[in-house]
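Me: I would like to learn how to read the features of a model like this one. Please take me through them one at a time.

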Amino acid sequence: MTAADTARYDDQDDTPLTGYAVLAGTFATGVAAFTAAVRARGVRPPRDVPPWDVALMGAAAYKASRLLANDKITSFVRAPFTERKGDGEAAEVMDEPRGKGVRRAVGDLVSCPFCVSVWAAGALVCGYTTVPRATRLVCAGLGAVTLADWLQYAWTWTQQSVE
């Protein structure tokens, strides 16, 4: 990808298209490698995925993505690719990507819970395919934390409404 290609896409010339392509290729390669590995082992994907499992994995992907992209305790993962810009709601932090190329693209990824959720969901689907009981347990734990978060917000809102 040339600078001219990037300029035609982004007049600010700061979108790391090559880095995004590397990340997309990494994701696709991971899916292909996983598929080949499970086929070679004779593992068959589930015939059906019940709606309850989809909801459970959705709640888990949501929480896993928030933990990685916004939690203070995972700052060490984001630090090489982002810089702290401030505090968000509920003790979350707001980071912005830094650097150029792949470093910037990774910074964009790990600072965006919507972006991370795709990777988290991919990992959960892989787990569900090979070890569904263990994956359900992990999802149940993350889902419980999601519910606890919502209850914390409800409690805070209730307190503020009374005052």
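Me: Which side chains meet in a salt bridge at 2.3 Å, N to O?
Reply: A salt bridge is a side-chain nitrogen of Lys or Arg within 4 Å of a carboxyl oxygen of Asp or Glu. Here the side chains of Lys-63 and Asp-149 make such a contact, at 2.3 Å from N to O. The two partners come from distant parts of the chain, Lys-63 from helix H3 and Asp-149 from helix H7, 86 residues apart. Helices (H or I, at least four residues) and strands (E, at least two) are DSSP runs, numbered from the N terminus.

Me: What kind of model is this, and how are residues numbered?
Reply: The model is predicted: local features need pLDDT of at least 70, side-chain atom pairs count only at pLDDT 80 or more, and totals for chains, interfaces and linings use all residues. Residues are numbered from 1 along each chain as its sequence is written, and side-chain values use heavy atoms, with hydrogens and water left out.

Me: Is Lys-63 buried or exposed?
Reply: Buried means under 20% relative accessible area, exposed over 50%, and partly exposed in between (1.4 Å probe, protein chains only). Lys-63 counts as buried because its relative accessibility is 8%. Over the chain of 163 residues, 27% count as buried.

Me: How many salt bridges does the structure hold?
Reply: The structure holds seven. One of them joins Arg-84 to Asp-95, with the closest N and O atoms 3.2 Å apart. That pair also links distant parts of the chain: Arg-84 is in strand E1 (residues 82-87) and Asp-95 in strand E2 (residues 93-97), eleven residues apart. Shared partners join Arg-78, Arg-84 and Asp-95 into one network of salt bridges. Arg-84 is partly exposed because its relative accessibility is 44%, whereas Asp-95, at 11%, is buried.

Me: Which residue forms a salt bridge with Glu-83?
Reply: Lys-85 does, and the N to O distance is 4.0 Å. Lys-85 is partly exposed, at 48% relative accessible area. Glu-83 is also partly exposed, at 36%.

Me: Now pockets. What is the general idea?
Reply: Rolling a probe the size of a water molecule over the atoms shows where empty space is left. A pocket is an open set of points on a 1 Å grid over the protein atoms alone, where a 1.4 Å probe fits, with protein on both sides within 12 Å along at least five of seven lines; lining residues have an atom within 4 Å of a point. Grid points are joined across faces, edges and corners, and a volume is the space filled by probe spheres set on the points.

Me: How much space lies in the largest pocket, and which residues line it?
Reply: The largest pocket holds about 260 Å³. Its lining includes Tyr-62, Lys-63, Arg-66, Asp-149, Gln-152 and Tyr-153. Helix H3 (51-70) and helix H7 (132-162) are the elements that give two or more residues to this lining. By class, the lining has five nonpolar, two polar and five charged residues. Ala, Val, Leu, Ile, Met, Phe, Trp, Tyr, Cys and Pro count as nonpolar, Asp, Glu, Lys and Arg as charged, and the others, Gly among them, as polar.

Me: Which residues form the nonpolar patch on the surface?
Reply: A patch is made of residues with over 30% relative accessible area and no salt bridge; like charges are joined within 9 Å, nonpolar side chains (Val, Leu, Ile, Met, Phe, Trp, Tyr) within 5 Å. In this model Tyr-62, Leu-147, Trp-150, Leu-151 and Tyr-153 form one, with about 540 Å² of accessible area together. Accessible areas come from the Shrake-Rupley method with a 1.4 Å probe, and for residues only the protein chains shown count as cover. H7 gives the most to the patch, with four residues. Tyr-62 is in helix H3, and at 32% relative accessibility Tyr-62 is partly exposed.

Me: What is the pattern of the whole chain?
Reply: The chain has seven helices and two strands. Along the sequence they run α-α-α-α-β-β-α-α-α. The C-alpha atoms fill a box of roughly 60 × 50 × 25 Å along the principal axes.
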